[in-house]
Amino acid sequence: MENKPHPPVMPHTGRQRGAIALMHALTMIVLVGFCALSLDLARLYNRKAELQSMADAAALAAARELDGTQAGVTRALNRARQIAEGHRFAYNQSVVSWSDAAIAFSRTRNGGWTDASGASAAPDGMFFVRVDTRNLDEAVATVGGMFMQILDAGESTASVGGTAVAGRSTINVLPMGICAMSPLEGAAR
């Protein structure tokens with residue numbers, strides 16, 4: 001019969017028994033916090049994407065109607081309203097309530113934006129449209145955070161929006177030359 005040596009006895013095992021459980025509990029709290037934060041950020045991102053999609057579609061549809069006349073501005077307003085009210089947000093749970101405050105018109109792509117009534121009064125040369133969803137009802141842009149309030153007790157919502165500009169555009173390109181190709185392979189061209 002062989003004598004096997006016994007493993008050394010740890011002198012302080014009794015005091016260390018709860019250390020792993022404590023570290024595990026703290027780690028779980030941090031992990032759950034990060035998961036909660038990622039859910040809130042995902043909801044913000046999705047709302048931003050929904051509103052940007054609506055702004056893009058409404059701006060493009062309105063810009064197609066603009067022809068530099070008052071009737072064109074009226075058609076653009078009606079088309080933007082129709083497109084916007086056809087979009088749903090909050091995971092297809094809510095319908096957008098349109099406001100003409102969300103649309104502006106301009107003669108140039110870079111500025112001089114005029115509201116809907118101003119564009120109707122002076123429609124000459126109005127060929128650009130900007131849709132900004134932050135000017136719609138506050139409920140459209142506000143996302144309630146389920147877990148944001150853990151970080152900041154006073155702030156449990158965030159606001160997002162989308163902006164799109166559309167209009168006529170031209171590219172001034174002058175051909176530098178015209179090439180005549182030979183049907184023969186390797187022929188001088």
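Predicted model: local features only at pLDDT ≥ 70, side-chain atom pairs only at ≥ 80, totals over all residues.
Entry 1: I looked up how α2 sits against the strands. α2 lies across β3, β4 and β7, and its angle to β7 is about 20 degrees.

**Entry 2: the sheet.** Next I traced the strand order. I found an open sheet of 3 strands, ordered β3-β4-β7, with antiparallel pairing. β3 and β7 are the edge strands, each with a single partner, so one side of each has no neighbour in the sheet. Ignoring direction, neighbouring strands are turned by 20 degrees against each other on average.

**Entry 3: the pairings.** I went through the bridges pair by pair. β3 (residues 103-106) and β4 (residues 128-132) are antiparallel over 4 bridges, and here Phe 105 stands opposite Val 129 of β4. Between β4 and β7 I have 5 bridges, again antiparallel. On that side, Phe 128 faces Gly 167 in β7.

**Entry 4: faces of β3.** Which residues of β3 are buried on each side? Ile 103 and Phe 105 are buried on one side, Ala 104 and Ser 106 on the other, and both faces of the strand are covered.

**Entry 5: the core.** I then checked the largest nonpolar core, which has 34 residues. Trp 98, Ile 103, Phe 105, Val 129, Val 131 and Leu 136 touch the most other members. The elements giving two or more residues are α2 (19-65), α3 (70-86), β3, α4, β4 and β7 (163-167). α2 has the largest share, with 9 residues. Nonpolar side chains do tend to be buried together in soluble globular proteins.

**Entry 6: Ile 103 up close.** Leaving out residues up to four places away in sequence, Ile 103 touches Ala 62, Leu 77, Ala 80, Trp 98, Asp 115, Ala 116, Val 129, Arg 130 and Val 131.

**Entry 7: Ser 120.** Buried or exposed, I asked of Ser 120? Its relative accessibility is 17%, and buried means under 20%, so Ser 120 counts as buried. Ser 120 belongs to helix α4 (residues 116-121). Apart from neighbours within four places in sequence, Ser 120 is in contact with Gln 70, Val 73 and Leu 77. Leu 77 is also among the contacts of Ile 103.

Methods:
Residues numbered from 1 in each chain as written. Heavy atoms only, no water. Buried < 20%, exposed > 50% of the residue type's maximum accessible area, 1.4 Å probe, protein only. Pairing = 2+ DSSP bridges. Contact = heavy atoms within 4.5 Å. Core = buried A, V, L, I, M, F, W, Y, C linked by side-chain atoms within 4.5 Å. Axes fitted to C-alpha atoms, helices over the stretch in contact; angles between N-to-C directions.
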